[in-house]
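The sequence and the structure come before the discussion.

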Amino acid sequence: MNNEKNTTISVLPMVRIDRNIVHNIDGLFNLFGIAGDNMDDNLLRNIIYYLCYNYQKDLFSYSVFDPYDFAKVMGYSSQFLRTKHPHPLFMDDFKQMPKLKQKEYLENGLPCYDNNIENALYSLWKKEILFSYGAKFYNKTDHEEVVTAHQNKRMLIVRDLSVLSIKSGKTKQTKTVYSLELDDKFLYSLTKYFIRANKNTLIELRKCKLDKLYLKLIQQKEHAMFNKQPDVVFDNFETLCNWCCTPRTKKDGSDVPPKKRKQLVLEALRKVNEKTNLNYTVTTTTSRGQKFPYTIHTQFKFDDAIIADKKSADKNDIMYVFDETLHRELISFYKMSVCSGQNPLIIDHQGFYNWLRDDINYEDKKRVYLLVSSKIFGIETALQSRLCTREKNFDAFYKECITKQPFMIHCTGENIEETSQSLQEV
């Protein structure tokens, strides 16, 4: 059995990205001191995309950041990632250290986070992202916390960062990877409050600086579909220019004429429409206070087939999310109870599946299954409780574990239609 396949559940390249990230993406790094069109801004966004991707791809060790895998998956040059950053954030902190601490760093060869990828990871550990438009969080008790735009919510995505040296490949060469502890709210949003985007499209559009626009249009389309209003009005021209990476000034400091900026915005909308399946038309109108037509409308196409496809995708998301969450929670229990004291980054995958098929910890496995059911589908209804629906689902799951590879089993017996609607709330 191929362990690599065992650790992957979700259908890729569709990636679930925290909806809070998308909602605030134009000002996400305002606290980082990044000015305008800077390579750090692009790299930071793509690290977040990768963290979302890796969370659903690698169920055993999603918290390990491998820069070689990042370069391969996200279409970056390894040479660029290893290039020394001109102003690494770590050096500002290093200068504030006592002389003895500086000496310890230099003598022991401790990491200085001075190349492009390390500086970006260090920045995500040291600095908070900003949800200036507000955010919505789901915690593990399914209590919903709504944060308004006035609160300017701040949050660290990376709670802990350390450098690891591991043996890799047939030659067992040593390579450097990074162990990350990711924020619980960020991780939980990836199962409760997310937007689906195509990873390959994100990469392609990033190269022409249109990944932000792509994600915002996905958000706008879902919002339009949820409200059954296919016409979306962008009356804030500057915000739209931000999403399109259309500058206000040239390199020489002179202003870019508004007419030229409008042409660039329309070209960006045309390009994203061409490279995606968002399927919209664009028109411009003159709004109150405008002399010229700078209010832009996108008219999304909503026919029966598109709506049916969306409902089907939402149902599939729930099934994948349930399987992923169950798998991950069972792995966590296995690490704590069976592999206590072992390195959690090198847990034997086959050992986990052998344990899953064994009768040992039967009641604990059942408890984990029922807790995950409540987390994903909500508290068990009275009818489900009387009919022991979820316990019967667990029995079916356990029989599947014994006879063959358990995942993907999916969540039979649940109201997928009702649960999937929560994914579309904006």
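Helices are DSSP runs of H or I with at least four residues, and they are numbered from the N terminus. The model discussed here is predicted.

In these terms, threonine 201 lies in helix H10, which covers residues 199-206. Because buried means under 20% relative accessible area, threonine 201, with 12% relative accessibility, counts as buried. When residues up to four places away in sequence are left out, threonine 201 touches Tyr214, Lys275 and Thr276.

Helix H9, made up of residues 184-192, is mostly covered, with seven of its nine residues buried. These buried residues are Phe186, Leu187, Tyr188, Ser189, Leu190, Thr191 and Lys192. The N-terminal end of H9 is capped by aspartate 183, which has a side-chain oxygen 2.8 Å from the backbone nitrogen of lysine 185. Lysine 185 also takes part in a contact with an aromatic ring, for it lies over the face of phenylalanine 137, at 4.8 Å from the ring centre. In another arrangement of this kind, the charged end of arginine 16 sits over the ring of phenylalanine 194, 5.4 Å from its centre.

A search of the whole structure finds 32 aromatic pairs. A pair of aromatic rings is described by the distance of the centres and the angle of the planes, and two of the pairs are set out in this form below.

| Aromatic pair | Centre to centre | Angle between planes | Class |
|---|---|---|---|
| Phenylalanine 131 and phenylalanine 137 | 5.9 Å | 50° | tilted |
| Tyrosine 369 and phenylalanine 394 | 5.5 Å | 65° | edge-to-face |

The pair of tyrosine 369 and phenylalanine 394 links distant parts of the chain, since tyrosine 369 belongs to helix H16 (residues 362-377) and phenylalanine 394 to helix H18 (residues 389-403), 25 residues apart. Tyrosine 369 is buried, with a relative accessible area of 3%, and phenylalanine 394, at 0% relative accessibility, counts as buried as well.

How values were computed: Residues are numbered from 1 along each chain as its sequence is written. This is a predicted model: local features need pLDDT of at least 70, side-chain atom pairs count only at pLDDT 80 or more; totals for chains, interfaces and linings use all residues. Side-chain values use heavy atoms; hydrogens and water are left out. Buried means under 20% relative accessible area, exposed over 50%, partly exposed in between (1.4 Å probe, protein chains only). Helices (H or I, at least four residues) and strands (E, at least two) are DSSP runs, numbered from the N terminus. A polar contact is a pair of N or O atoms within 3.5 Å; within protein, one must be able to donate a hydrogen and the other to accept it, and residues adjacent in sequence count only if both atoms are side-chain atoms. Rings of Phe, Tyr and Trp (its six-membered ring) pair if their centres lie within 6.5 Å; planes under 30 degrees apart count as stacked, over 60 as edge-to-face and the rest as tilted. A charge sits over a ring if NZ of Lys or CZ of Arg is within 6 Å of the ring centre and within 35 degrees of the ring normal. Contact means heavy atoms within 4.5 Å.
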